[in-house]
There are 4 protein chains.
Amino acid sequence: MSTYKSIAFANDNRDRFITLRRDLHQHPEPGWLEYRTAAIAADRLTELGYDLKVGKEVIHAESRMGLPSEEAMKQAMERAISEGANPKWVEAMGYGFTGMVATLHIDDQGPVVAFRADIDSNDVVEAQTDDHLPAKEGFSSKHDRAMHACGHDAHLTMALGLAEYIISHKEALHGTFKLILQPAEEGVRGAKAMRDAGVVDDVDYFFGMHIGINKAIANCLACMNFGFLATTKLDVEFKGYSSHAGASPELGKNALLAACTAALNLQAISRHSKGNSCINVGVLNAGTGRNVIPDTAYLQIETRGETGDVNEYIRKRAYEVLQGAAAMYDNEVIIREMGSAPACVNSEALAKEVQVLAKDMGLFRDVPLTNTGGGSEDCAYFLERVIEHGGQATYMILGSDIKAPHHNPRFDIDEADMINGIAVAGAIVETYLNKTK
Amino acid sequence: MSTYKSIAFANDNRDRFITLRRDLHQHPEPGWLEYRTAAIAADRLTELGYDLKVGKEVIHAESRMGLPSEEAMKQAMERAISEGANPKWVEAMGYGFTGMVATLHIDDQGPVVAFRADIDSNDVVEAQTDDHLPAKEGFSSKHDRAMHACGHDAHLTMALGLAEYIISHKEALHGTFKLILQPAEEGVRGAKAMRDAGVVDDVDYFFGMHIGINKAIANCLACMNFGFLATTKLDVEFKGYSSHAGASPELGKNALLAACTAALNLQAISRHSKGNSCINVGVLNAGTGRNVIPDTAYLQIETRGETGDVNEYIRKRAYEVLQGAAAMYDNEVIIREMGSAPACVNSEALAKEVQVLAKDMGLFRDVPLTNTGGGSEDCAYFLERVIEHGGQATYMILGSDIKAPHHNPRFDIDEADMINGIAVAGAIVETYLNKTK
Amino acid sequence: MSTYKSIAFANDNRDRFITLRRDLHQHPEPGWLEYRTAAIAADRLTELGYDLKVGKEVIHAESRMGLPSEEAMKQAMERAISEGANPKWVEAMGYGFTGMVATLHIDDQGPVVAFRADIDSNDVVEAQTDDHLPAKEGFSSKHDRAMHACGHDAHLTMALGLAEYIISHKEALHGTFKLILQPAEEGVRGAKAMRDAGVVDDVDYFFGMHIGINKAIANCLACMNFGFLATTKLDVEFKGYSSHAGASPELGKNALLAACTAALNLQAISRHSKGNSCINVGVLNAGTGRNVIPDTAYLQIETRGETGDVNEYIRKRAYEVLQGAAAMYDNEVIIREMGSAPACVNSEALAKEVQVLAKDMGLFRDVPLTNTGGGSEDCAYFLERVIEHGGQATYMILGSDIKAPHHNPRFDIDEADMINGIAVAGAIVETYLNKTK
Amino acid sequence: MSTYKSIAFANDNRDRFITLRRDLHQHPEPGWLEYRTAAIAADRLTELGYDLKVGKEVIHAESRMGLPSEEAMKQAMERAISEGANPKWVEAMGYGFTGMVATLHIDDQGPVVAFRADIDSNDVVEAQTDDHLPAKEGFSSKHDRAMHACGHDAHLTMALGLAEYIISHKEALHGTFKLILQPAEEGVRGAKAMRDAGVVDDVDYFFGMHIGINKAIANCLACMNFGFLATTKLDVEFKGYSSHAGASPELGKNALLAACTAALNLQAISRHSKGNSCINVGVLNAGTGRNVIPDTAYLQIETRGETGDVNEYIRKRAYEVLQGAAAMYDNEVIIREMGSAPACVNSEALAKEVQVLAKDMGLFRDVPLTNTGGGSEDCAYFLERVIEHGGQATYMILGSDIKAPHHNPRFDIDEADMINGIAVAGAIVETYLNKTK
């Protein structure tokens, strides 16, 4: 055990990392608005000596999904600066480009190894009761209706710890290390735009990691995760024509009925024989008044599939249903893709190597090869691309004794697991930066 | 009274007309299959000296609606010949052209006066009980599932009586008389094709007449009829793609669901502020087996409107709904127009003149100006065209003590009213053939 | 003309009435919140010497429909007092009882004559442009999202002018005069509760009047109005059960789908052969998040019928549809009747007498017997009851050169017509208080 | 190999078994109509010395599903007798009881071992082309619209071969052998009624076997089958009230719209998180004429679930949807359960023993432990009951080089596999009749 320097590094700097995580926890920023969070990371990574690319250089504008309004971005920028963000970075990121890639090119002898962390928060109001540690210890969210309820504060802390560890040991390493900090994972909105910017096109070994997914118990590391479903999030708007319902109903083009017909027929899309296929119309708002033929309707929809093909089948059928319903009522229909992720594929060979290493480190009570998680994760875009290009990739689950489910107002991680996370990530990346190409 | 020669003519030939009507009643022929009926009329009209145009000369092929199969036509031809129809006429009419126009051109001094009669029967099984006169007297239908249950046997009898009366008094008359014998009024399938062949384009005075419409009581004549609704009859076929419902549901294109969605949304078409608007999906048949995604669906639909505009609104909306539903399920949709009629417009001035004349004849207990009937009548196509071209037209109701509602197996007219009908029709046409142009 | 004292009265006090109307216009109060409006009327009517009953005495609590929240009432009370309302009346009206009846009992020799005015405002934001007189002259609405856009400010002004005129001429009159000031006509919410309190049970002659209904042109009086449709306003809530759409969809009870199915099938309720039948689902809001099975849905619905029977047919069918849709999804459904009005019946004999009188007054360019209005008006509840009890009743339309349709932000009346309205109402009531019983 | 006497037995009697199978193939009889088939079996089994129970003794009347009409049964009885069925058995079976249980009680020293075969045919028109062996060799179906397209002719042949083998070797055996011949497996209609009659309540070892299920290749034996889905077959009738669509639409109770609403909402039943859940509305027929409000609608529905719970969820939801749709349109709804089967559970220990034995026999190229089949099989009712009562049960798949999928007009088995089937069944049953209890 004592041979793993990353363990000592993580433990020696424990207090500093916890302080950092708690500061991030107090200042949660939702997707595409992570100005302060990203600015802190940028300052730190340049200070450490990384070559930094931020904003449009690493985010393909057209592939971004589910952007907030410019007004919301502007307010977030101002708040970030008022809370200490370096204005240089805020300006560099601009409107809706709150991600970055930090690169350490050591030499050409080794492979390109990448580690990705997501940095956004959730639209959750944090619990303020004494049984919730952040509240008790005074580091709960200072931001209205925002909370780090999915552990991304720990994700960024581990990423920065990893960056520090790697650069401080670079003499013994080869190749290139890329740290990818991705905005807007919540709603699966951000990864596609970074993938489309090509940030993982040259990667040989890719690692992602999530803290505390439900089936992975405390103090364990699952070396790859199955069961993230492919998903698409759609916002739909029907535009019809209003008319007085009593005086001239025939002049109306009823958006409410178009939306209702769509909702029923979306839900009636046939099952797929190749696996779990889901669709949900979660929200429908239509109409302006009791005696007016409704001229607008809004729907929020998500599709999920056990494989990308199954999800694509549902997505394609959903478009047919929506367009058919609009045609029925002579409505215009606008479909906006607000987020998406493919199903998650891992390189089993890589995961097995990680398993051997992690067991050897002796940090964890249990090191299973696989975890089966539900939900969706847009990191899958990176894994898919790396594997397509001949690299290897895995998405690990770092078990933690979480106090409540993810996205719950009482969600909290055990910071001890975060410290272990820095140690194991350091050892993994170090290992692959030692491989000859 | 004694001054009306047509009254004496009708009464003197009473037995002959009744014999003719009973022969027609025994040999009912549904729409587009009236080979024997039409052949009898054609023989009689040429014998009388009329110039006769039959079949394609007076029926525009592309405008015919709701045609039976060629097989059904062939069988009807064979039966007609076996029952005494002149093969010459059967051949002349050919497949689906069972109408004719008989013209008597007297001189150029007078107007063109037209009278229209419809000649087809209903798909009704005639009552065989003793309280039904045709059964009791032995002249009920000899044809399977066919019956003159709407009085068209009387209509043709009156038309031929009228033709005989007019030509026998032609010396005293001027202008041109046209007798229009129209097939396939049931289902409003035949008039449009004759109108489109131009048969009323030159008409100055046009008369249609129905025996026994419900609100017109016995022994009366209503000089024009309001309330026939504009209507369209649609047959619809959805064509999808079948697949095993358990093994590969995703490969199916569900025609049953397309049809169900269409049915609901057709019924949900908005009311129209300008008057009564109706739609009915009367029949829906879909699917082949319990465990197969249905690949076909058939619907029978009718729309009605208080005005042509209202009906056109419903018809247009129905097409949108059907096409939208097909698009939803990636189905092909085939919409066939099986019948149609406009709302009925009359020339009030002409009706008032008819009223004066009919009162003067002293034949009727009551001669109201208007009757308000329901349902639809494709004679309205002729009235509309005549009035568009500057002529005058009216559709009269000849009251009769009918024994049961139209289309009922016990329907029967009072033949005395039919004799009166010949008298009044003779007097009316005679009157207008005396008008100088 | 000079014989009508009410004409001189109206003209002599013209400025005072206009001032009153403009004050009311500046302080519009929506239905059930007319505290200031009613308090001003109550002060004035007691001052004049009327016997006043307010609140629960004249409003049957259980029959009130479409009440705002108690919080909204409390705020309205406070605002009314801060704007000068007499706290005594505000207190007397309490929560949701903002109507009153002012009675002048002269003697037992004459009949009971009633006049009704409605006093509430609309949820409309008043236009502030110079082409809108209230804006230009500085008397537009001071209240947020409220405007007198249906002329009820003029209605109350006329009512108070009438009250003043009658009491000042009572020496020459007999019988009893009742002035009914009704809250919450908008949404047809208030009349039923006053009818159920019995306020018109003893009335022999009943008059209602509306200013400026669309087909009645300026400077005219239509002596009765046809075509107000029977109507019912329904608020519907579906309560299902939420569940995570991906993790456990089978546990959900989908309120959104129940509501969509209801909406489609409500719209598909069959037409009625006895006249115009309408239904509109004007608003549908359902669901809380994209990935949650929706557990709630809210609908706003209205039904209309050419007769009470037709409306009752639609209302009954709507309940069946809503309950069936709820049963389909194991939802609870709560249906609240938010407003209703019967079709409007008038006493033609009374209207004809009014016509003679109004023509004789010489005030109007035109005095048609009838106007055909659309929409609905809950004054119909009063007319229906008076006629049931053997009295006579009519609802008149006072034409005015309105600047935009009712409920439009630019709606404005011509105040000259309001002055004429006081004159004609005075003359009418005076006339019937002279009739011997 | 030479030690398995059943192999020699099967091969020695090969021609006789093939002749029997081909005779059965020529005389296919659909479910509940297997009079000739069953009579032949009954004759043979009594001849062999089995104790036979037929008809009501082994079939619980109330649990039978999807019965044909009595008229159809009568015709089938007459045909069976005319084709050589022993009238004694036809009479014994009566209306709708075409199953039997043949019992051989040897002694009380051994267990009760049961083998089940199904005997009904499919509603398929057999191919008559030369590439279809039964046509080429002259033994294709003599019955109109009936064909053994699922191999049940081979199933019965194997069962009778097994019966012959066991009774001819009974001296060496112990315990009791029960041969269960089940009618109406197609549509999963017959097993439940035999289970409810208690025919497997005393069984210690139960075996079922199907020839040629798709994923089991030729010349192999899969020792248990997974993936038969639980299923329910429903026939549904909506009864409304008809009315003329134009004249009095409000009097109708529209069964077509009730059925369409049901169809859409059935298809929209939520997925289940515990596995594959399917529903199909395969057939919908509604309405009688274009201008009549439809008063009847018929649907054929099936539900499937990966587990019994999942299927039960869908079935229960389907009832809610159907009853809700009926309530919406004030229709009566009649739901008939036409067939059902649970998901298939096997005793893995027993299957493993069978695997060892079958491998040892050397008859098969491959002997996998499991096959994963789709579809449904009501034999699952027997397995479930046996296991509930503490016995063991397995459902085996006998691979065969089938020429076309099951239920296809060209379906044919390889008779060599049937001979092997007799051999392996004989050895298995023999083995378990040697076990001490």
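# Strand pairing, chain contacts and a helix crossing

User: Which residue of E9(D) is the bridge partner of B:Asn285?

Analyst: In this predicted model, B:Asn285 has D:Asn285 of E9(D) as its bridge partner.

User: What makes strand E9 of chain B and E9(D) count as paired?

Analyst: Pairing requires at least two bridges found by DSSP. Strand E9 (residues 277–286) of chain B and E9(D) have 3 bridges, so they count as paired. The sense of the pairing is antiparallel.

User: How many residues does each side give to the contact of chain D with chain B, and which elements contribute?

Analyst: Chain D gives 35 residues and chain B gives 35 residues. On the side of chain D, helix H9 (255–267), strand E9 (277–286) and strand E10 (296–305) are the elements that give two or more residues. E9(D) has the largest share, 8 residues. By class, this side of chain D divides into 18 nonpolar, 13 polar and 4 charged residues.

User: Why are chains D and B said to meet through the same surface?

Analyst: Of the interface residues of chain D, 100% are also interface residues in chain B, so the copies meet through the same surface.

User: What relates the two copies, chain D and chain B?

Analyst: Chain D is superposed on chain B by a rotation of 179° with 0.3 Å of shift along the axis, at an RMSD of 0.2 Å. The two copies are therefore related as by a two-fold rotation axis.

User: How many residues are in contact between chain B and chain A, and what gives the most on the side of chain B?

Analyst: The contact is between 23 residues of chain B and 23 residues of chain A. On the side of chain B, helix H9 (255–267) and helix H10 (308–328) each supply at least two residues. H10(B) gives the most, with 8 residues. The side of chain B that touches chain A divides into 9 nonpolar, 10 polar and 4 charged residues.

User: Why is H2(A) called roughly perpendicular to H13(A)?

Analyst: The axes of helix H2 (residues 14–26) and helix H13 (residues 415–432), both of chain A, come within 10 Å and cross at roughly 115°. Angles of 65 to 115 degrees count as roughly perpendicular, and that makes H2(A) roughly perpendicular to H13(A). The crossing of these two helices is right-handed.

User: Which residues make the contact between H2(A) and H13(A)?

Analyst: From H2(A) come A:Arg14, A:Phe17, A:Ile18 and A:Arg21, and from H13(A) come A:Glu415, A:Met418, A:Ile419 and A:Ile422. These divide into 5 nonpolar, no polar and 3 charged residues.

User: What makes E13(A) and E11(C) the edge strands of the open sheet?

Analyst: The sheet has 8 strands in the order E13(A)-E8(A)-E12(A)-E10(A)-E9(C)-E10(C)-E8(C)-E11(C), with antiparallel pairing. Strand E13 (332–341) of chain A and strand E11 (332–341) of chain C each pair on one side only, and are the edge strands. Direction ignored, neighbouring strands are turned by 25° against each other on average.

User: How do you know that strand E8 of chain A pairs with E13(A)?

Analyst: At least two bridges are needed for a pair. Strand E8 (residues 230–239) of chain A is joined to E13(A) by 9 bridges, so the two strands pair, and they run antiparallel. A:Thr232, for one, has A:Ser340 of E13(A) as its bridge partner.

User: Which helices of chain C pack on this sheet, and what angles do they make with its strands?

Analyst: Helix H9 (residues 255–267) of chain C packs on the sheet, and its direction makes about 165° with that of E9(C). This helix touches strand E10 (277–286) of chain A together with strands E8, E9 and E10 of chain C. Helix H10 (residues 308–328) of chain C also packs on the sheet, touching E8, E9, E10 and E11 of chain C. The direction of H10 makes about 160° with that of E10(C).

Definitions and conventions. Residues are numbered from 1 along each chain as its sequence is written. Chains are lettered from A and ligands numbered from 1 in the order in which they are written. This is a predicted model: local features need pLDDT of at least 70, side-chain atom pairs count only at pLDDT 80 or more; totals for chains, interfaces and linings use all residues. Axes are lines fitted to C-alpha atoms, for helices over the stretch in contact, and angles run from 0 to 180 degrees between N-to-C directions. Helices (H or I, at least four residues) and strands (E, at least two) are DSSP runs, numbered from the N terminus. Angles under 35 degrees count as roughly parallel, over 145 as roughly antiparallel, 65 to 115 as roughly perpendicular and the rest as oblique. A crossing is left-handed if the near helix is turned anticlockwise from the far one by less than a right angle, and right-handed if clockwise. Two residues are in contact if their C-beta atoms, placed from the backbone, lie within 7 Å. Ala, Val, Leu, Ile, Met, Phe, Trp, Tyr, Cys and Pro count as nonpolar, Asp, Glu, Lys and Arg as charged, and the others, Gly among them, as polar. Copies are superposed by least squares on the C-alpha atoms of residues with pLDDT of at least 70 in both.
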